[in-house]
Amino acid sequence: MTYESLEQAVAALRRHNQTMYAYHHAMSALMHDASTAAPKNTAAGRGKAMEILSGVTYGLVADPANGDLLAYLEAHADALDDVTRRQVEVFRKGYDQLGRIPAEEYVAYNVLINDAQDVWEKAKNASDFEMFAPYLEKIVDFNRKFAGYYDPEKLPYDALLNEYEEGLTMQTLDGFFAELRATIVPLLAKIQAAEQVDDSFLHKSFPVEEQKKLTEYLMEVQGLDRGHCGIAESEHPYTLSFNTRDTRITTHYYENHVTFAMYSTIHEGGHAIYDMGGDEVYDYTNLQGGVSMGIHESQSRFYENLIGRSRAYIHAIYPKFKELFPVQMEGVDAEMLYRAVNKVEPSLIRTEADELTYALHIMVRYEIEKRLIDGTLAVRDVPAEWNRLYKEYLGIDVPDDKHGCLQDSHWSGGAVGYFPSYAIGSAYGAQMLSRMKEDLGDFYADVEKGDLSKVTTWLHEKIHRFASFKKPGQLFEDVCGKFDARYFTDYLTAKFTELYHL
Ligand code: ZN
């Protein structure tokens, strides 16, 4: 169709954005229900509804009329305000990408992913990689093909990385990870030769009811407005944001692992604060919510590690910990708790890894993904390669695939190229911390009193309020200048040298 005026075209864009918002809200609510409240044998009907709704949203984006709308808006780009222009840019990217994927491939892939998640869960429980391998083969083939649709100019794995962190390349990551390894591996060796931290008290029995009280308290300290941010329980913790005034986080309670729920709550709370902090002007548009996985992880891991595992924060929450768990915490002072939550120990499971060795887990996945996509590693060889890399990077033996290459849900969900954003996010966060210290001085003195308002206000001003308006690289550089992994490696070296008296 043709447009008679710019106002008419902008109104059509707004309508499209709001329609997409409404569908996403509804589909997200189905997903949230599935993982938190729905009875276990109810997946079929929900799956049917999801299939129909995703078909409708596919049609809404792929609609050829959007091509006319985009062409009109692009021809009048100079007359658009910055926010609308960026909306058009994001809309264009999604429209072109979807347009390049043949509809039958899109459908086939969605069916594959739906089946693969089910098979992965069974394969993981049975610790049987063979069962999952045929699905992973197809997922890798699809992703290699999709990479060409996303951006035929880029190397396939770079095109996939770009989907999660715009502009991120293997060249950047190879250098980044090499720098990280050069710091982490020798530091880890020194720590292992030093006197070990005792964290055994954290694995006593902590009743779930009391842990829930701790969760409520931690959310309060983090400044999460419970009128706008809900918490539920799910197998794997996650954050789901409907809009800036309605965000849900989840956690998972383990009676003998009190810090799991504690740190997953703080981590997801960081994602929630980011999503809720966007300026109103982006509400119900395609610029609502955080801009990339790397920036998102920088925020969640900022609260989890740079704040939540700081000495100041632990001193602030220690009295509550002691009050809720007087028996378990018998004879444990704040400093012992600080050291315990920072205990370094190479382990098998990424989500339970300490702050120092975490990046090594990511490096294993990065190496494997990169080679699966460029074809130098066959899917059937993944377990052997996984185990070899865990030995090489972390010095540990992987007993089985359940605790090895089947532990994460990302590949079965089709997310290839996602993992590096976790490590990039940690490094972004460390550089932001350095910037924050320059601006705010000793804000840890406030943190020690349980007051995170200065931290959150700074992050809001610099990062959150922009939602997806700025591209991630630009957003980061406007605040921190050029990305440099040294801020992260310096932070790790200083923290653990002091903590382990190296
Ligand atoms: Zn996260």
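Guide: Start with the cysteines. C229 is buried, at 1% relative accessibility. Buried means under 20% relative accessible area, exposed means over 50%, and partly exposed lies in between, using a 1.4 Å probe and protein chains only. C480 is buried too, at 13%. The structure holds zero disulfides, a disulfide being a pair of cysteine sulfur atoms within 2.5 Å.

A word on the source. This is a predicted model, in which local features need pLDDT of at least 70 and side-chain atom pairs count only at pLDDT 80 or more, while totals for chains, interfaces and linings use all residues. Residues are numbered from 1 along each chain as its sequence is written, and side-chain values use heavy atoms, with hydrogens and water left out.

Now helix α7, residues 156–164. Helices here are DSSP runs (H or I, at least four residues; strands are E, at least two), numbered from the N terminus. The buried residues of α7 are Y157, D158, A159, L160, L161 and N162. They pack against α4 (82–100), α6 (129–150), α8 (170–193), α14 and α16 (420–440). Contact means heavy atoms within 4.5 Å.

Take α14, residues 358–374, as the partner. Its axis and that of α7 are 8 Å apart, at an angle of about 125°. That makes α7 oblique to α14. Axes are lines fitted to C-alpha atoms, for helices over the stretch in contact, and angles run from 0 to 180 degrees between N-to-C directions. Under 35 degrees counts as roughly parallel, over 145 as roughly antiparallel, 65 to 115 as roughly perpendicular, and the rest as oblique. From α7 come P156, Y157 and L160; they meet Y366, E369, K370 and I373 of α14. Five of the contact residues are nonpolar, none polar and two charged.

Next, the zinc ion. Its protein donors are H267 (NE2), H271 (NE2) and E297 (OE), at 2.1 to 2.2 Å. Donors are N, O and S atoms within 2.8 Å of the metal (3.2 Å for Na, K and Ca); water is not among the atoms, so sites may look incomplete. Along the chain the spacing reads H-x3-H-x25-E. H267 and H271 sit four residues apart in helix α10 (258–276), about one turn of the helix. Both histidines, H267 and H271, are buried.

Last, D446. It lies in helix α17 (444–447). D446 is buried, at 14% relative accessible area. Beyond its neighbours within four places in sequence, D446 contacts D451 and K454.

Conventions:
Ala, Val, Leu, Ile, Met, Phe, Trp, Tyr, Cys and Pro count as nonpolar, Asp, Glu, Lys and Arg as charged, and the others, Gly among them, as polar.
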